[in-house]
Amino acid sequence: MLGLALKAEVHSNAGKYGYKFLDIPVSPVSMALAGRGIHSPANSSAWLTQPAATCMQNAKSAAVSHSAWIAETAYTTAWYSNARRSSHLGLAWRNLNYGDIEKRDETGFLIGHYQPVDIAVNGNYAHRLNPYLYAGVNLGVIYQKLDTASSLAMATDLGFTALPPLKDSAVSLAARNLGVANKTDLEAAKLPFSFDVDLYKGFELGQQHLGLEAGVISAVDSDLRYTLSAELKLVERLYLRGGYKLNFDAESFTAGMGIELSSFVIDYGFAAMDKGLGDVHSFGLRYNF
């Protein structure tokens, strides 16, 4: 176990893949639960990471979140989720804002500014195949712009969620970021494909509920990464969350909370980063119809 916590050597494919903003946790709930929270009933954005996971819920909501990401970037997401136990429809918009970046000539003279753009629009459909198995698919268009060069990509995610004969448990598999992109200048950026496995078990503790989740992420540009998280729901209104990431380059401890106020839910997520990068804070507001 100690070996998992140690940083791995630089992967041979590191730096060869673009569109990395697709792997940023979408919501404060995901942020607080080690970047996952796939099976959390409070995570209405889980379908963006695991296309089938939200299908078995019975809820309709719209939400927005904002994260102060690393290096003074900002990550904003808005999404709609309509889960009816037998099917799910979702729509999301994601944007990573880099702010203004100086543009200088070969002598170092400032000649202006430019603002890089990373935007993704995704749709989801999931369906119950039988009482114990769900399948889902995400389809997305991704736009990336750096100064005068830009590229466009089409991507899909595929997911399956199974409900074992163990009360309040789930197993999910997902293949993420499958697709193609056109060229930026002379070279086409590759999508950061990954294969994910997530395991979940819930426990009733009197009038409270505890959910435990573990995940394994196999990405093309890194060694195996692991996540552990827990969510405790108290008095039907308050959520306390925490997690830990193992074998990640610069990430480790995560935490957060959520509170339900009538039809509104306010969420906060925190992720500790290595010294020099700055810790990450995420806030979200969700409305349940």
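A short exchange on labels and their cut-offs follows.

Modeller: This is a predicted model, where local features need pLDDT of at least 70, side-chain atom pairs count only at pLDDT 80 or more, and totals for chains, interfaces and linings use all residues. Residues are numbered from 1 along each chain as its sequence is written, and side-chain values use heavy atoms, with hydrogens and water left out.

Biologist: Why is Asn247 called buried?

Modeller: Buried means under 20% relative accessible area, exposed over 50%, partly exposed in between (1.4 Å probe, protein chains only). Asn247 has 15% relative accessibility, so Asn247 counts as buried.

Biologist: Why is Tyr287 called partly exposed?

Modeller: Its relative accessible area is 32%, so Tyr287 is partly exposed. Tyr287 sits in strand E18. Strands (E, at least two residues) are DSSP runs, numbered from the N terminus.

Biologist: What makes a nonpolar core?

Modeller: Buried Ala, Val, Leu, Ile, Met, Phe, Trp, Tyr and Cys residues, joined through side-chain atoms within 4.5 Å. The largest one has 16 residues. Tyr19, Phe21, Leu22, Ile142 and Leu191 have the most contacts inside it. Strands E8 (149–162) and E17 (264–273) each supply at least two of its residues. Another core, of six residues, lies apart from it and includes Trp47 and Trp79.

Biologist: Which residues does Ile142 touch?

Modeller: Contact means heavy atoms within 4.5 Å. Among the residues Ile142 touches are Tyr19, Ile119, Ser151 and Leu191, with residues up to four places away in sequence not counted.

Methods
Helix = DSSP H or I, 4+ residues; strand = E, 2+ residues; numbered from the N terminus.
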